[in-house]
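Here is a short tour of a protein model, written for someone who would rather look at the fold than at a table. Have the viewer open and follow along.

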Amino acid sequence: MTAQVTAIQQAPSCILGEGPFWDAGAGRLLWVDIVGRQVHAVDSKTGLIRQWATPQLVSAAVPARSGALMLAMQDGVYRFDPDQETLRLFCRPDADPENRSNECRCDPQGRLWLGTRSEEHTFELQSRFGISYAVFCLK
């Protein structure tokens, strides 16, 4: 089997681009610019790139069954409707204001697994204070 690689020619530059997520249902690639506070999407058929600004650091964008995006943001998980461009808090799994949301993914059961991390950048502090939580997505 040979992999097919396609470069995104006009992808916006990111300060800290992370979290690529293939949304098979919509045929698009999602990713975020954590520090630039942006969510990006590129349509695989048209090449159209969309981007949305967020009010705080955003570390992941994961599609929900409803068509909304679940955004792991600095102080919690938010539900974002890309058509209406509305954002509302879903939950705050980590009460520690020194931690922020980091990586997240959905498992086959539709649960959103979220990791949080300290703003300190040392491995020792991260392993001591970073905690993972499970957040169940609304259906």
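## Ground rules

Two strands count as paired if DSSP finds at least two bridges between them. The strands themselves are DSSP runs (E, at least two residues), numbered from the N terminus.

This is a predicted model, where local features need pLDDT of at least 70, side-chain atom pairs count only at pLDDT 80 or more, and totals for chains, interfaces and linings use all residues. Residue numbers start from 1 along each chain as its sequence is written, and side-chain values use heavy atoms, with hydrogens and water left out.

Four strands make an open sheet in the order 5-6-7-8, with antiparallel pairing. Strand 5 and strand 8 are the edge strands, each pairing on one side only. On average, neighbouring strands of this sheet are turned by 30 degrees against each other, direction ignored; the axes behind that angle are lines fitted to C-alpha atoms, and angles in general run from 0 to 180 degrees between N-to-C directions.

Now walk across it. Strand 5 (residues 58-63) and strand 6 (residues 69-73) run antiparallel and are joined by five bridges, with Pro63 standing opposite Leu69.

Which residue in strand 7 is the bridge partner of Met70? That is Arg79, while Ala72 stands opposite Val77. A hairpin of two residues links strand 6 to strand 7.

Strand 7 then pairs with strand 8 (residues 86-91) in the antiparallel sense, over five bridges. Val77 has Cys91 as its bridge partner in strand 8, and Arg79 stands opposite Arg88. Four residues lie between the strands of this hairpin, and Glu85 in the turn has a positive phi of about 55 degrees.

## What is covered

Buried here means under 20% relative accessible area, exposed means over 50%, and partly exposed is in between (1.4 Å probe, protein chains only).

## Cysteines

How many disulfides does a search of the whole structure find? The count is zero, where a disulfide is a pair of cysteine sulfur atoms within 2.5 Å. Take Cys104: the closest cysteine sulfur, in Cys106, is 7.5 Å from its own, so the two are too far apart for a bond. Cys104 counts as buried because its relative accessibility is 2%, and Cys106, at 31%, counts as partly exposed.

## Empty space inside

Rolling a probe the size of a water molecule over the atoms shows where empty space is left. On a 1 Å grid over the protein atoms alone, a cavity is a set of points where a 1.4 Å probe fits but cannot get out, and a pocket is an open set with protein on both sides within 12 Å along at least five of seven lines; lining residues have an atom within 4 Å of a point. Grid points are joined across faces, edges and corners, and a volume is the space filled by probe spheres set on the points.

The count comes to one cavity of 30 Å³ or more, and the largest cavity has a volume of about 60 Å³. Its lining includes Gln74, Asp75, Gly76, Arg92 and Thr116. Strand 9 (residues 99-106) gives the most to this lining, with three residues. The lining residues divide into one nonpolar, five polar and five charged; Ala, Val, Leu, Ile, Met, Phe, Trp, Tyr, Cys and Pro count as nonpolar, Asp, Glu, Lys and Arg as charged, and the others, Gly among them, as polar.

The lining of the second largest pocket divides into seven nonpolar, two polar and five charged residues.
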